Amino acid sequence: MSIHGQSDKIRTVTGSTFGRLVLEAEGPIAVEFMSYGCAHCRAIEPVLEQVAEMVKDQEKIFRVNVAA
């Protein structure tokens with residue numbers, strides 16, 4: 001899915017949900033700090049989607065839009 005769309009595999013967290021979803025999460029997690037306008041972030045998105053699909057039962061992957 002596009003970086004601009006919501007993905008079931010990678011959830012976008014905000015300042016108001018970061019504590020609950022990331023800091024208080026149980027089990028392994030990964031967080032991508034990105035910007036929707038960043039070409040490098042767009043380039044890595046398909047790879048992160050594949051990784052998220054591969055580890056979906058063992059690990060949660062989140063993204064934080066640092067430009068927001």
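Modeller: Val-47 is found in helix 2, which spans residues 39-55; helices (H or I, at least four residues) and strands (E, at least two) are DSSP runs, numbered from the N terminus. The model is predicted: local features need pLDDT of at least 70, side-chain atom pairs count only at pLDDT 80 or more, and totals for chains, interfaces and linings use all residues. Residues are numbered from 1 along each chain as its sequence is written, and side-chain values use heavy atoms, with hydrogens and water left out.

Val-47 counts as partly exposed because its relative accessibility is 44% (buried means under 20% relative accessible area, exposed over 50%, partly exposed in between, with a 1.4 Å probe and protein chains only). Together with Ile-44 and Val-51, Val-47 forms a nonpolar surface patch with about 210 Å² of accessible area. Such areas come from the Shrake-Rupley method with a 1.4 Å probe, and for residues only the protein chains shown count as cover.

As for the whole protein, its two helices and three strands follow the pattern β-α-β-α-β along the sequence. Of the 68 residues, 31% are buried. The accessible surface comes to about 4,600 Å², and carbon and sulfur atoms account for 57% of that surface. Among contacts (heavy atoms within 4.5 Å) between residues at least 6 apart in sequence, 73% join residues at least 24 apart.

Key. Patches are made of residues with over 30% relative accessible area and no salt bridge: like charges are joined within 9 Å, nonpolar side chains (Val, Leu, Ile, Met, Phe, Trp, Tyr) within 5 Å. A salt bridge is a side-chain nitrogen of Lys or Arg within 4 Å of a carboxyl oxygen of Asp or Glu.
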